[in-house]
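Thanks for coming. I will go through one structure this morning, starting with the sheet and ending with the pocket.

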Amino acid sequence: GACMTRSELEHLIRAAGAIAEDDQIIIIGSQSVLGQFPRAPASLRASMEADLYPRNRPERAELVDGAIGEGSHFHEQFGYYAQGVGKETAVLPRGWQRRQVRIKNPNTGGVEGLCLEVHDLAISKYVAGREKDLAFTRELARQKFTKKPILLERLSSTRLDPRLGRLVKGRIQRDFE
């Protein structure tokens, strides 16, 4: 299957910034792995969409979605697209903003892409818990991109219902067995 490259993500950052008139774009989906690991294996990039929102103008996510989202002319032309999401979409550990990984280069056209640090990204996927999310966290662990002690530490600083917290802890343990 197809998968997104770092330069394609940079293109989406540039386009989303232009549409939202915001020079900071937060990437919260699995593609944010490309911030820290520009050459992440294809197994971690197996999606043609990037979930993102304008940092300073989050209400413009829908605008972004309409212009460069699924089924848009942009999507047809380039084969990849952005999903403009709400900032509540991902459950993240305290302090995740401080740990974001920046992408800013000529390819992003002066727009800064802010990607989740890999352990923060993993926690959001463990919490979401769909089959594809857990396949993703398994692969992160297998590639040694995530470390169990850091995940458990991040989990403890994530606001979750205690039952869900225990479930997530079990999911983390399983990935490192």
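**Sheet, core and pocket**

Strand E1, residues 24-27, and strand E2, residues 49-54, run antiparallel and are joined by three bridges. Before I go further, note that this is a predicted model. Within that pairing, Ile 26 stands opposite Tyr 53 in E2.

Two helices pack on the sheet here. Helix H1, residues 6-20, touches E1, E2, E3, E4 and strand E5, which covers 112-115. The direction of H1 makes about 130 degrees with that of E1. Helix H3, residues 61-68, touches E2 and E3, and its direction makes about 155 degrees with that of E3.

Now the sheet as a whole. The sheet is open, has five strands in the order E3-E2-E1-E5-E4, and its pairing is mixed. Strand E3 (81-84) and strand E4 (101-103) each have a single partner strand, so one side of each has no neighbour in the sheet. On average, neighbouring strands are turned by 35 degrees against each other, direction ignored.

Next, the core. The largest nonpolar core has 49 residues, and Leu 9, Leu 12, Val 33, Leu 52, Ile 68 and Leu 140 have the most contacts inside it. Take Leu 9: beyond its neighbours within four places in sequence, its contacts include Ile 27, Ala 50, Ile 103 and Cys 115.

The largest pocket has a volume of about 530 Å³. Of its 24 lining residues, Ser 30, Lys 125, Arg 130, Lys 132 and Asp 133 are the closest to the centre. Which element gives the most to that lining? It is H6, with five residues. E2, helix H5 (118-128) and helix H6 (131-142) each supply at least two.

How values were computed:
Residues numbered from 1 in each chain as written. Predicted model: local features only at pLDDT ≥ 70, side-chain atom pairs only at ≥ 80, totals over all residues. Heavy atoms only, no water. Pairing = 2+ DSSP bridges. Helix = DSSP H or I, 4+ residues; strand = E, 2+ residues; numbered from the N terminus. Axes fitted to C-alpha atoms, helices over the stretch in contact; angles between N-to-C directions. Contact = heavy atoms within 4.5 Å. Core = buried A, V, L, I, M, F, W, Y, C linked by side-chain atoms within 4.5 Å. Buried < 20%, exposed > 50% of the residue type's maximum accessible area, 1.4 Å probe, protein only. 1 Å grid on protein atoms, 1.4 Å probe; cavity = no way out; pocket = protein on both sides within 12 Å on 5 of 7 lines; lining within 4 Å. Points joined across faces, edges and corners; volume = space filled by probe spheres on them.
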